[in-house]
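Let's walk through this model together, one region at a time. Keep the sequence beside you as we go.

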Amino acid sequence: MTSPTAQESTRLIPVARGNLPALGHAYHLWRHTLEFLDSLRAYGGVVRINIGTLPMYMVTDPELTRRVLTSESRHFETGGRMGDNLALIFGSGVGTINGDGHRRQRRILQPLFNRSYIAAHTDVMRDAVRGRVSGWREGIPFEAAAEMDRVMVAAFLTTLFGPTLPAPREEEFYRLLRTLMKGVMRKTVAPSWANRVMVTANREFDRALARLRQIIGDLIREGRQSPEAAGGVFRAMLAARDPDTGAGMTDAQIADEAVTMLGTTGEAPGTALAWALHEISRNPDIQRRVRSEVDTVCGGRPPGPADLAALEYTRCVLTEVMRHHGPGYLFTRWTTAPVDLGGYLIPAHANVAYSQYIVHHDPAVFPDPQRFDPDRWLPDAPTVSRSSYLPFGLGSRQCLGENFSWTAMLLTVAEIAARWDLHPHRSRPVKPVASTTVRPHHLTITPRARTTGPGAA
Ligand code: HEM
């Protein structure tokens with residue numbers, strides 16, 4: 001056990017109010033997610049909640065969250081009930097394994113997702129994004145979260161498998177991922193009795209997962225037989241070697257990594273972009289500034305890596321979207337031994353969680369946290385705590401898809417801003433709803449073709 005420092009005397013871990021029989025705090029967490037998470041900060045740096053009857057230690061303090069993810073991460077592994085359930089879905093993918101196995105997979109996979117490798121895929125990604133965005137119809141509203149999922153899945157499939165994936169297979173990937181995304185949180189975090197009663201949903205989930213694994217298995221077999229026919233990052237995965245040992249990945253390992261990556265792409269970047277469209281469409285000044293920056297930087301040309309790097313204000317908008325709207329809001333860890341976290345004694349074999357939403361809405365770190373304000377990220381803005389900004393996590397488990405996500409999201413906003421003016425379609429109020437991410441429910445956007453500017457029709 002780690003010992004408290006002189007300043008960190010032992011502190012009590014309170015239990016949050018509202019613990020319901022059989023449900024614990026699960027009802028509040030699912031039905032009033034953001035309000036519930038916001039309320040936890042008042043209990044101090046660590047607070048206990050119950051998911052059904054399962055205790056979970058929520059770390060609410062930004063500095064303690066950073067310690068869990070970085071300096072003290074050796075005490076906080078992936079695992080516990082949530083981690084074990086995730087492993088049933090993703091197998092031994094990089095997101096569900098620990099220790100040497102995790103370090104080895106990161107060593108092999110990291111180079112395939114670094115900035116320059118992803119930059120080399122900008123053109124194919126842009127074509128995939130453009131293919132969808134240019135197909136929008138004047139004045140015809142679309143459901144933002146579903147459409148942005150499609151755009152991001154198309155961009156990622158092109159990056160992963162190359163631009164030659166047939167359209168029906170892309171469509172099937174998209175449908176399978178939607179079914180999986182609807183079930184992941186239920187399968188991993190919801191009380192186990194809740195899962196037992198959802199027989200039909202579970203059957204659909206299992207069928208979708210089996211089919212996804214079958215398709216990936218076929219692609220691996222085809223790629224092994226004719227490596228020149230495989231494309232994108234997938235081709236590189238088939239050939240990748242551990243730089244320390246020279247060993248490649250087995251087919252089973254590649255399949256688990258591909259399922260992990262597709263699973264992680266299925267919702268998070270689409271959700272972030274949907275919230276971005278929400279903010280851009282309802283804030284005329286933000287829309288005008290994004291459009292003017294895209295016109296100046298890209299001048300009607302297809303954006304390339306250097307253009308994306310120059311989209312400073314657009315990047316601030318996306319940075320603020322991921323501060324204010326997530327998309328991730330709850331990630332879990334598991335203690336292998338008792339841990340002293342800043343004076344809070346967390347027992348061994350305990351489920352621990354951290355939340356981007358809690359950290360990103362801490363008024364001590366981000367003043368006036370409920371205000372959407374991209375300007376707080378401008379280089380000359382007075383104070384912003386970048387070290388407490390963690391949409392992609394921190395430390396050894398920091399998101400592998402971060403560079404891909406930034407490139408794909410900037411490309412998408414640039415492609416949209418060059419062609420379309422966005423208008424909120426106000427038939428229903430937009431509500432944040434928790435699934436794997438916090439999604440904008442009933443967010444409908446109406447595109448109108450731009451009549452001026454270098455990219456106008
Ligand atoms: C806006 C989009 C995304 C966001 C906000 C996001 C967020 C995150 C976060 C917060 C973590 C850390 C979880 C933890 O601490 O337990 C993570 C891990 C991970 N993400 Fe992402 N992610 C995004 C997109 C992607 C994409 C497109 C991929 C596809 C390659 C991806 C692959 C992964 C993987 C493999 C891990 C596990 C890393 C490990 O445990 O070593 N993510 N992501």
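C399 sits in the loop that runs between helix 18 (356-360) and helix 19 (402-419); helices (H or I, at least four residues) and strands (E, at least two) are DSSP runs, numbered from the N terminus. Its SG atom is the only protein donor of the iron atom of the ligand, at 2.3 Å. Donors here are N, O and S atoms within 2.8 Å of the metal (3.2 Å for Na, K and Ca), and water is not among the atoms, so sites may look incomplete.

Before going further, note that this is a predicted model, in which local features need pLDDT of at least 70 and side-chain atom pairs count only at pLDDT 80 or more, while totals for chains, interfaces and linings use all residues. Residues are numbered from 1 along each chain as its sequence is written, and side-chain values use heavy atoms, with hydrogens and water left out.

On a 1 Å grid over the protein atoms alone, a cavity is a set of points where a 1.4 Å probe fits but cannot get out, a pocket is an open set with protein on both sides within 12 Å along at least five of seven lines, and lining residues have an atom within 4 Å of a point. Grid points are joined across faces, edges and corners, and a volume is the space filled by probe spheres set on the points.

Now turn to the largest pocket, with a volume of about 1000 Å³. Among its 38 lining residues, W30, K182, V433, A434 and S435 are the closest to the centre. Helix 9 gives the most to this lining, with 7 residues.

What holds the neighbourhood of L262? Leaving aside neighbours within four places in sequence, L262 is in contact (heavy atoms within 4.5 Å) with F156, L157, L160, F173, L177, L212 and I216. L262 is also among the residues with the most contacts inside the largest nonpolar core, which has 97 residues; the others are F173, L212 and M237. Such a core is a set of buried Ala, Val, Leu, Ile, Met, Phe, Trp, Tyr and Cys residues joined through side-chain atoms within 4.5 Å. T335 is buried, with a relative accessible area of 0%, and its side chain reaches the backbone nitrogen of A350 at 2.9 Å. That is a polar contact: a pair of N or O atoms within 3.5 Å, where within protein one must be able to donate a hydrogen and the other to accept it, and residues adjacent in sequence count only if both atoms are side-chain atoms. E228, by contrast, counts as exposed at 57% relative accessibility.

Key
Buried means under 20% relative accessible area, exposed over 50%, partly exposed in between (1.4 Å probe, protein chains only).
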